[in-house]
Amino acid sequence: MIKVSVIVPVYNIKDCLEKCIQSIQRQTYGNIEILLVNDGSTDGSDIICRKYARIDRRVEVIDKENGGLVSARKAGISRAEGDYILNVDGDDWIEDIMIESLVLKAEQTNADIVTSGYYQE
């Protein structure tokens with residue numbers, strides 16, 4: 001089965017981080033790893049990341065000094081083991097069928113890259 005690595009850069013987003021992580025955990029597609037890249041957070045976001053790593057074996061926390069969004073994504077990519085990579089911003093959430101839909105579309109069309117729409121709240 002195809003594995004998807006979900007990379008979430010985390011920097012001082014404790015107020016919305018749990019909603020993001022939970023939306024990834026609820027995916028109907030099960031073969032995922034969730035890489036939470038703590039980019040030097042100082043607001044307790046790192047504590048939230050570790051909480052989810054303790055309760056869900058699919059979650060891994062990567063700690064690094066603050067280097068910005070691109071640096072955090074690169075750190076996640078370097079540790080990713082999936083066949084596909086999905087970038088999700090830590091202040092976002094995703095629909096329960098998002099990963100399943102994207103993998104299905106990628107496999108049906110033999111695509112290297114697939115994208116989705118979004119809602120703005």
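Which residues line the second largest pocket? In this predicted model, select P9, V10, Y11, I13, D39, N66, G68, L69, A72, D89, G90 and D91, which together form that lining. By class, the lining comprises 6 nonpolar, 3 polar and 3 charged residues, and the pocket volume is about 160 Å³.

Of its 31 lining residues, N87, I94, M98, S116 and G117 are the closest to the centre. Helix 1, strand 4 (84–87) and helix 4 are the elements that give two or more residues to this lining, and the largest share, 5 residues, belongs to helix 4. The lining divides into 18 nonpolar, 5 polar and 8 charged residues.

Now display the largest nonpolar core, which has 25 residues; I24, L86 and I99 touch the most other members. Strand 1 (4–10), helix 1 (14–25), strand 2 (32–39), helix 2 (45–55), strand 3 (59–64) and helix 4 (98–109) each supply at least two residues of this core. Another core, of 6 residues, lies apart from it and includes I7, V37, I62 and A72. Centre the view on I99: beyond four places in sequence, I99 touches V4, V6, Q27, Y29, I32, L86 and I94.

Finally, select R58, in the loop between helix 2 and strand 3. Is R58 buried or exposed? R58 counts as buried because its relative accessibility is 18%, below the 20% cut-off. Beyond four places in sequence, R58 contacts Q25, G30, I32, E33 and I34. A polar atom of the R58 side chain lies 3.3 Å from the backbone oxygen of Q25.

Notes. Residues numbered from 1 in each chain as written. Predicted model: local features only at pLDDT ≥ 70, side-chain atom pairs only at ≥ 80, totals over all residues. Heavy atoms only, no water. Core = buried A, V, L, I, M, F, W, Y, C linked by side-chain atoms within 4.5 Å. Buried < 20%, exposed > 50% of the residue type's maximum accessible area, 1.4 Å probe, protein only. Helix = DSSP H or I, 4+ residues; strand = E, 2+ residues; numbered from the N terminus. Contact = heavy atoms within 4.5 Å. Polar contact = N/O pair within 3.5 Å; in protein donor to acceptor, adjacent residues only side chain to side chain. 1 Å grid on protein atoms, 1.4 Å probe; cavity = no way out; pocket = protein on both sides within 12 Å on 5 of 7 lines; lining within 4 Å. Nonpolar A, V, L, I, M, F, W, Y, C, P; charged D, E, K, R; others polar. Points joined across faces, edges and corners; volume = space filled by probe spheres on them.
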